[in-house]
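User: Can you walk me through some local features of this one? Keep it short, please.
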Amino acid sequence: MDTVVALPNVPDAQVCEQARLSRDARFDGLFFTAVRSTGIYCRPVCPAPTPKPQHVTYYATAAAAAAAGYRPCLRCRPELAPGAWAWRSGNELVAGALRMIEDGLLDHAPVATLAERTGLSERHLRRLFADTLGASPLQVAATRRLLFARKLLDETALPITQIALGAGYGSVRRFNAAFLDSFGVPPREMRRRRVAAETQGVRLRLGYRPPYDFPAMLAFLSARAVPGIERVTGDAYERVFRLQGHAGRLRVQALDGEPALQLHVEHPRADVLTDVVARVRRLFDLDAEPQAIALGLAGDPLLKRLLRAQPGIRVPGCWDGFEIAVRAVLGQQVSVAAARTLASRIVDRWGEPLGMEVDDDAPAHAFPAPGVLAEAALEEVGVMGQRARTIRAMAAAVAAGEVDFRAERGLDAFVAMWTALPGIGPWTAHYIALRALGHPDAFPAADLILRRRAGGGRTLSTRELETRGMAWRPWRAYATLLLWRCEE
């Protein structure tokens, strides 16, 4: 019997087979290998002896393999694979639904709520998931919870009760039953080792598909880091935040010798961990597919040359959509440094003190809430004229739910919603989509640097750049970062 490819979204059978045999990390998370003779599914980088091709079926997602009755491998640990990129499905509705599942919606709401927010009937949503992912929404959510619990169990010293809460289970009983059903052993038995106890916090590995230019990502974030909230120190990014009514902090740095970043989180509640991990994965664009991006952009000679020089380019995301929207308005027609200075003044004046004992130059505030900035006299800190009015109007609209950062919106609808606000043009709306949604096709074509750099000696008009950029779809956000970085 020949090797089987289970779904259209799985790479070609020959590609999967070659990647599996060579344990190619570039394909990690892009498909999973299920072995019928053992009933186990693995990552393509699994160190176990390779099974015979006739025993193998390939699945696009871990959820699809689990839905087919396979158990996760204990050696390669599927929970360590980079995530299944939401936009990879090719359907923005499915992508938006996946982002909501990633954010934990189905941990506390039924599929009907997911369907309603996606704008589909529940039946149609289930059919789309089956066709594109090989699993139902509930199966995707259940696999997500299970694999994250496995990660917490192996990489942290958290008690079992906290792991259950951290992974999104409503009770320890439900967690134990799901874990035993999937792995064949209860959680306590699987915990063969414990991470050495730390004074505070947990450490987690977050995998990605190489190549990944982490220094370039840090350089981008460092140039825009707002004192009082975040900073880049040496080889790490640090940030403070408030979730579930409590202050926390995180640190992200590269892990030597493996395609992964290490996340260190300090927060008193374990049930924020799934949210923190999802935000950090988007902030650092860890689920991107470099091969697909390179293939899509290499047809342009300029981008091909830039890709050769910057093969690990990523789109920097953000921690919070409202925060990045305010910073986008502050950045209208001013330098990065000037926008950062204004943002710092806003944080100093209206940010929420977190009461954390940190060094004098370390972050110590949460970004102001929309309701606070809707009433703020921004002119007092140097934000003048139309820019101040725009931020107040935008903050009021966010507070009232008139605009949002919901992942299920398509790019065009998102841009139309935001440009309906006074003072928000296409550049700002696309920049927010690029940073807040991590949308791969967001394209602030009016940007002067982009028009100048793409012109090769002359500055293109916005219309000229938009026309040229049509050939870069659906990866215009990555083209944007390539051009921005080249200018730097």
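Predicted model: local features only at pLDDT ≥ 70, side-chain atom pairs only at ≥ 80, totals over all residues.

User: Helices first. At what angle do α6 and α11 pack?
Analyst: About 95°, with the axes 12 Å apart. Helix α6 covers residues 137-155 and α11 covers residues 273-283. Angles of 65 to 115 degrees count as roughly perpendicular, so α6 and α11 fall in that class.

User: Which residues make the contact?
Analyst: From α6, Arg 144, Phe 148 and Leu 152. From α11, Leu 273, Thr 274 and Val 277.

User: And how does that contact split by class?
Analyst: The α6 and α11 contact has 4 nonpolar residues, 1 polar and 1 charged.

User: New topic. Which residues does the cis bond at Pro 211 join?
Analyst: Pro 210 and Pro 211, with omega about 0°. Pro 211 sits in the loop between β6 (202-207) and α10 (214-224).

User: What about the bond from Arg 473 to Pro 474, cis or trans?
Analyst: That bond is cis, and omega is near 5°. Pro 474 is in the loop between α21 (462-469) and α22 (476-487).

User: Now backbone angles. What is phi of Gln 244?
Analyst: Near 55°, which is positive in a residue other than glycine. Gln 244 is in the loop between β8 (236-243) and β9 (246-254).

User: Where is Gln 333?
Analyst: In the loop between α14 (321-330) and α15 (336-350). Phi of Gln 333 is also positive, near 60°.

User: Is Gln 333 buried or exposed?
Analyst: Exposed, because its relative accessible area is 84% and the cut-off is over 50%. Gln 244 has 48% relative accessibility, so Gln 244 counts as partly exposed.

Definitions and conventions: Residues numbered from 1 in each chain as written. Heavy atoms only, no water. Axes fitted to C-alpha atoms, helices over the stretch in contact; angles between N-to-C directions. Helix = DSSP H or I, 4+ residues; strand = E, 2+ residues; numbered from the N terminus. Parallel < 35°, antiparallel > 145°, perpendicular 65-115°, else oblique. Contact = heavy atoms within 4.5 Å. Nonpolar A, V, L, I, M, F, W, Y, C, P; charged D, E, K, R; others polar. Buried < 20%, exposed > 50% of the residue type's maximum accessible area, 1.4 Å probe, protein only.
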